[in-house]
Amino acid sequence: MRLSEDDSHALAGAPAAPTYLEDGTTVMSWLNTRDHKRVGVMFLVSVILFFFLGGLFALLIRFKLLQPGPFFLDALGYNRMFTLHGVVMIFLFLIPSIPSAFGNFVLPLMLGARDVAFPRLNLFSYYLYLAGAVLAILAMIQGGADTGWTFYTPYSSTTATQVLPVLLGVFILGFSSILTGLNFIVTVHTLRAPGLSWMRLPLFVWGIYGTSIIQVLATPVIGITVLIVAVERVGGFGLFDPARGGDPVLFQHMFWFYSHPAVYIMVLPGMGVISETVAAFSRKNPFGYKAIAMSSLGIAFVGFFTWGHHMFVAGQSTFNAGAFGILSMFVGVFTAIKVFNWVGTMYRGAISFKTPFAYICGFLYFIVFGGMTGVALATTSLDIHWHDTYFVVAHFHFIMVGASVMAFLAALHYWFPKMFGRMYPEGWGLVAASLIILGFNATFIPQFLLGNFGMPRRYYQYPEHFQALNVASTAGATLLGFGFLIILIYMTIALRYGQRSEANPWGSKGFEWLTASPPPTHNFDEIPTITQMPHDYRTHEPPGVIRVA
Amino acid sequence: MSPEAASLPEGILAHHFASLERQNEAMRLGMWLFLATEILLFAGLFTGYSVYRFEFPLAFAECSRHLSLTAGTVNTIVLITSSFTVALSIHFARTDQRRAAVVCLALTILLALGFLGIKAIEYTAHFREHALPGKYYAFEEVKIPGAAMFYTLYFMMTGLHGLHVVAGMSVLTWLLWRTNQGRYSSRYYTGLELGGLYWHLVDLVWIFLYPLLYLI
Amino acid sequence: MGESGSSGRANVALHPDDRHEEHAHSAIPYVVVWIALLAFTALTYLTGKQHLGAWALFIALAIACLKSALVALIFMHLKDSSGMTRLVFGTSLVFVGILLFFTVADVATRFRPATPAGAPFGTERSRPEGLLEHEMPE
């Protein structure tokens with residue numbers, strides 16, 4: 001059996017069962033949904049909203065930094081800006097983005113399942129996310145925190161700003177993340193279609209699976225850490241306060257035990273997206289499927305051994321610094337394996353240079369430079385010079401924006417027809433991608449230079465001779481902002497007026513393309529039996545036909 | 001609908017699972033993953049404990065001696081027994097002895113209440129002696145550096161544990177009601193099993209808290 | 001729905017727990033474990049009161065681990081569970097170990113003379129009157 005009759009009707013454009021979008025159009029049908037696709041869409045809308053909020057904070061920071069002296073914001077206001085920028089971007093955008101938006105939508109489809117393992121828990125994850133977001137917004141309205149997103153003690157336990165609601169918001173958001181990860185792990189274990197063995201899983205699933213492992217194991221630790229700081233603020237308990245015998249470095253250990261693996265939560269799903277789209281837009285089988293799959297697990301586990309590289313100058317022992325420095329080198333190997341395999345996939349492929357592919361190119365360039373500067377920073381002796389300078393800021397923005405956001409945009413454009421049954425305007429897509437890649441370089445390459453010249457991060461004022469590079473960076477950020485704005489505009493228009501797409505406009509061999517675009521609520525009329533490797537472009541069927549039993 | 005599912009109370013098998021066996025497997029795996037997160041949550045406090053016991057060994061030993069060893073030991077026995085009774089209740093449910101299952105669950109909840117009661121007595125004593133965390137510490141009998149830190153950790157660890165006891169009790173009460181309604185039997189008892197797993201975790205944490213706090 | 005049976009372990013009778021259904025599930029293991037747990041509690045209580053110095057912590061933790069193993073394997077049915085649930089439990093313990101190891105290793109290997117003066121800890125390991133390890137009364 002190839003495609004079911006109903007699906008081929010969908011290919012011809014005549015809808016069979018109502019799509020998940022049409023199946024119940026009241027507000028309550030969305031708020032009370034058990035459908036993973038609707039939960040995914042709600043997450044998508046929310047994370048995009050917060051992306052723009054975090055971006056606004058970033059532009060305000062960059063605007064202030066046009067001038068070396070006091071300008072536009074006062075010092076406390078500036079501290080609040082970079083804190084909120086970090087908190088919103090990390091906890092309200094990056095951590096949930098690809099897993100909760102695209103993972104939710106696409107994972108069950110890729111597994112040939114009708115939903116995730118625990119649909120009601122999935123909805124609960126979304127409400128926890130909203131609750132955490134509300135707390136963070138309440139804190140912002142009252143002025144926000146000024147501690148930096150890293151909440152280092154004893155400043156965070158004693159400063160008078162609105163740290164408490166932010167901490168509680170982070171705690172709740174953490175549980176949203178944990179429950180999503182838990183749901184995905186159980187889904188991959190128990191809801192795979194017949195014939196879908198582990199070594200036939202799509203590479204995006206491997207990426208999400210690795211991410212979910214990190215979410216489940218690491219997030220509780222930041223949960224308890226922020227809880228302790230919250231209790232310290234309220235009760236003066238002093239677990240991290242030197243005045244009461246506490247050790248501030250202990251806070252940093254506990255904080256970074258989560259926050260380093262967290263950066264892999266932020267980038268690993270993106271790597272999964274790149275694996276999917278590289279194969280689809282090169283029309284070629286992944287160069288080393290097993291290597292890519294296993295390296296996702298490698299990143300998930302080895303990422304836990306490296307957190308002390310954030311603390312080289314914090315006062316931890318030399319033994320620890322040495323151990324963490326060496327261990328941090330290992331984790332780069334897995335990313336290198338992936339990059340090698342992606343490039344190998346593209347080599348001699350039949351490249352289709354559509355917007356997702358533009359983002360793939362951006363991703364590859366940014367992750368190589370971001371990753372290499374990361375390895376450089378992991379070298380203890382070099383980090384002594386670079387720690388807490390703009391060099392670090394540029395490094396992590398190369399990964400967080402250059403890699404993760406590029407991957408998010410690749411996913412958005414690749415799966416837009418799947419999710420909404422319409423195509424975005426390809427020309428505008430390439431225009432926006434170019435602006436973003438250009439703008440990104442203009443924003444952050446000056447920051448590498450600034451950091452290397454010694455400009456510290458989170459400083460309100462800087463020496464005059466750094467101004468030129470700061471102005472360049474702000475100009476780049478403005479360009480970057482325009483790029484994102486263009487995407488928002490054409491995507492919103494495409495939702496309503498975009499050209500209706502066929503079920504598989506990319507000719508992709510991904511399993512999620514087996515069903516209609518947009519899919520019906522129950523995903524598949526009949527659960528497929530998988531008999532082939534994922535991303536298998538060696539077969540001779542025409543594009544859009546995936547052989548199943 | 002598979003024949004086994006047809007004989008179950010309404011709505012047990014969800015539509016997206018291939019079989020009841022798969023669903024049970026998913027529920028167990030999900031609960032164990034959740035327990036893993038709880039283990040790591042407590043691990044943060046155990047980490048703080050390890051660091052500060054290393055830094056203040058004398059203070060920790062001294063303060064430990066001022067805790068009521070009797071209360072701690074009795075509480076350990078109480079929780080171990082409650083683990084036993086909840087395991088028994090699952091055994092009785094899956095062998096279709098509903099009444100015995102209900103009795104065992106009720107016993108578990110009573111033992112949990114007993115645990116909380118003893119802890120309340122202990123806390124009252126600490127309050128009276130001003131053996132309190134952080135800036136409130138004014139315990140006359142132990143005045144060396146690190147003593148306040150011991151009590152900070154003591155209250156945070158037993159406090160978080162106590163919250164989990166309360167949560168566990170709520171879950172067990174709800175399960176007691178459902179068991180009484182006949183929802184769990186040899187055909188399906190996974191929900192009860194999951195509640196039992198959570199309760200065992202509460203016991204596991206205390207198995208470590210007891211020697212680390214009371215027997216330094 | 002009409003999909004074919006799930007791949008692997010499709011036969012309900014072969015489910016690990018169903019082994020018990022073939023002969024009536026016994027409560028005896030639970031009673032045995034309960035008594036063992038009480039015995040181990042008595043043991044840890046007695047050894048705890050001895051104040052065995054450096055060995056005390058090791059013995060207490062070893063007994064606690066034994067008790068936990070009994071609770072996990074028998075009460076929580078890990079012995080009869082799928083490999084995945086055992087892997088989940090084991091992995092969580094491994095990561096607790098990683099967190100503990102590096103954090104305690106940090107405080108254990110710090111160069112004390114470099115700690116700022118006046119800190120309540122971290123100069124010599126805090127003792128009254130600044131006693132060193134070998135000068136401790138115990």
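Residues are numbered from 1 along each chain as its sequence is written, while chains are lettered from A and ligands numbered from 1 in the order in which they are written. Because the model is predicted, local features need pLDDT of at least 70 and side-chain atom pairs count only at pLDDT 80 or more, although totals for chains, interfaces and linings use all residues; side-chain values use heavy atoms, with hydrogens and water left out.

**View 1. Chain B is built with 7 helices and 0 strands.** Helices (H or I, at least four residues) and strands (E, at least two) are DSSP runs, numbered from the N terminus, and the order along the sequence of chain B reads α-α-α-α-α-α-α. Along the principal axes, the C-alpha atoms of chain B fill a box of roughly 70 × 30 × 25 Å. Of the 216 residues in chain B, 66% are buried, a term for residues under 20% relative accessible area (1.4 Å probe, protein chains only). Among the contacts in chain B with a separation of 6 or more, 78% join residues 24 or more positions apart, where contact means heavy atoms within 4.5 Å.

**View 2. Chain C is divided into domain 1 (11-81) and domain 2 (83-138).** These bounds come from an automatic or database domain assignment. In chain C, 4 residues of domain 1 are in contact with 4 residues of domain 2. The area buried between the two domains of chain C is about 390 Å², and carbon and sulfur atoms give 59% of it; buried area is the accessible area (1.4 Å probe) that two parts lose on being put together, summed over both. Between these domains of chain C there are 0 salt bridges, a salt bridge being a side-chain nitrogen of Lys or Arg within 4 Å of a carboxyl oxygen of Asp or Glu.

**View 3. Chain C and chain B meet through 61 residues from chain C and 57 residues from chain B.** The two chains bury about 5400 Å² between them, with 73% of this area on carbon and sulfur atoms. The salt bridge count between chain C and chain B is 0.

**View 4. On chain C, the side that touches chain B draws at least two residues from each of α1 (18-22), α2 (28-50), α3 (54-75) and α4 (83-108).** The most residues on this side come from α4(C), which gives 13.

Terms used: Buried < 20%, exposed > 50% of the residue type's maximum accessible area, 1.4 Å probe, protein only.
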